[in-house]
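Please read them with the coordinates open.

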Amino acid sequence: MNLALALGRRGLGACWPNPAVGCVIVAHGRIVGRGWTQPGGRPHAEVVALAQAGDAARGATAYVTLEPCAHHGKTPPCADALVAAGVGRVVVALTDPDPRVNGQGLARLRAGGVEVVENVGTETATADQIGFLTRVTDGRPMVTLKLATSLDGRIATASGESQWITGPEARRAVHAMRMRHDAVMVGAGTVRTDDPSLTVRGLGVQRQPVRVVLSRGLDLPLDSQLATSARAVPVWILHGDRAAPERVAAWQAVGARLFRVPVAGGQLDLRAALAVLADEGLTRVFCEGGGSLAAGLLSDGLVDAFAGFTAGCALGAEGRPSLAAMGIARLADAPGFRLVETRAVGADVMHLWRCEA
């Protein structure tokens, strides 16, 4: 199962809206087939592994990180494929909460004479599948918030200089994180100030994440890197209902997709914005700021994971803070996270956290 889980992670960021599943088929103590969900979501992991195993799948054990599907979509049910291949036992890490599956895949296997073992590696599988699970159960993708700061929590000097607080090794790690998410998201201020490309570079990827911008008034520069590359790499902009029609038309003309989102308290409704992204199939979103967007997501309880990169420098109180005001008066009201990993990345420190809730 550990191998199946590792294989499944290869699909993260590349197979949305489908979950990134891994499958390993073992016969007589030997691995005869292995697979993971392929780019675009098809073929599924089980189909890839069965094709590799061939006749050796008969009587074998299949380890699958998520319940095999039970519905006809663009491909036949994987549960039926496992039965037809004569697999003798299926070990599953996690039940699929999708109403089209939700136990029906396991029922099909048992009805076909296949022994089913459940809940092996469930904790790890849940962490790997959090985006898919959150989309199904909460109507939104999972959100990873990334901040790169000085020792005293600043993201730029008072003049706005921020390139680069962290070193090249940390920046490469961030690109790897982008690669494992379906989309990279920023606020309008980041686009105006930094003119980012938000692409994955230096890792030889074939499939780039969607680039998402939240801009209530759609006041974004049309000579930005995002605008000039929108036809090459997807750009989605979520805006308010008062965005000028000429701005909407201009961004559509350069190839961006635009989505209207309700405004609450003078800002875009972030939960509604994430619901739009979920409706479009996104399961994993990597948010890189800025401070207002990050604070809003934290305040609304919409951050599932936090990735921090801390550089060995201090910028002082006049430096720009990593988060906008959140109105927290008591420590008990602060969003809480559990430390998952910490390690040196070049001259910087990376720390990964998961939401405690």
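1. A residue is called buried here when its relative accessible area is under 20%, exposed when it is over 50%, and partly exposed in between, using a 1.4 Å probe and protein chains only. On that scale, 49% of the 357 residues of the protein are buried.

2. The model is predicted: local features need pLDDT of at least 70 and side-chain atom pairs count only at pLDDT 80 or more, while totals for chains, interfaces and linings use all residues. Residues are numbered from 1 along each chain as its sequence is written, and side-chain values use heavy atoms, with hydrogens and water left out.

3. Overall make-up. The protein has 12 helices and 18 strands. Helices (H or I, at least four residues) and strands (E, at least two) are DSSP runs, numbered from the N terminus. The radius of gyration is 22 Å, close to the 21 Å that the globule rule gives for 357 residues, so the protein is as compact as a globular protein of that length. That radius is taken over C-alpha atoms, and the rule is 2.2 Å times the number of residues to the power 0.38. Along the principal axes, the C-alpha atoms fill a box of roughly 65 × 45 × 40 Å.

4. Contacts. A contact means heavy atoms within 4.5 Å. Of the contacts between residues at least 6 apart in sequence, 71% join residues at least 24 apart.

5. Surface and charge. The accessible surface comes to about 16200 Å², and carbon and sulfur atoms account for 51% of that area. Accessible areas come from the Shrake-Rupley method with a 1.4 Å probe; for residues, only the protein chains shown count as cover. There are 36 positive and 32 negative side chains, and the centres of the two sets lie 4 Å apart. Lys and Arg count as positive and Asp and Glu as negative, with His and the chain ends not counted. Each charge is placed at NZ of Lys, CZ of Arg, CG of Asp or CD of Glu.

6. Cysteines. With a disulfide defined as a pair of cysteine sulfur atoms within 2.5 Å, the count is 0. For C23, the closest cysteine sulfur is that of C78, at 8.6 Å, which is too far for a bond. C23 is buried, at 0% relative accessibility, whereas C313 is partly exposed, at 29%.

7. Cis peptide bonds. One joins R42 to P43, with omega near -5°; P43 sits in the loop between strand 2 (30-36) and helix 2 (45-53). Another joins G289 and G290, with omega about 5°. G290 belongs to the loop between strand 14 and helix 12 (291-299). Please check both bonds in the coordinates.

8. Positive phi outside glycine. H28 has phi near 55° and lies in the loop between strand 1 (22-27) and strand 2. H28 is exposed, with a relative accessible area of 87%. D195 also has a positive phi, about 45°, although it is not a glycine. D195 falls in the loop between helix 8 (188-194) and strand 9 (210-214) and is partly exposed, with a relative accessible area of 28%.

9. Helix 6. In this helix (residues 130-138), G131, F132, L133 and T134 are buried. The buried residues of helix 6 pack against helix 5 (122-128), strand 6 (142-149) and strand 14 (284-287). After helix 6 comes G139, with a positive phi near 70°.

10. V212. This residue is in strand 9 and is buried at 0% relative accessibility. Apart from neighbours within four places in sequence, V212 contacts A183, V184, M185, V186, W236, L238 and L277. V212 and L198 are 14 residues apart in sequence, and their C-alpha atoms are 9.1 Å apart.

11. V254. Which residues does V254 contact, leaving aside its neighbours within four places in sequence? They are L222, A227, A230 and R231. V254 lies in the loop between helix 10 (245-253) and strand 11 (257-260) and counts as partly exposed, at 22% relative accessibility. Q206 is 48 residues from V254 along the chain, and the C-alpha atoms of the two are separated by 22 Å.
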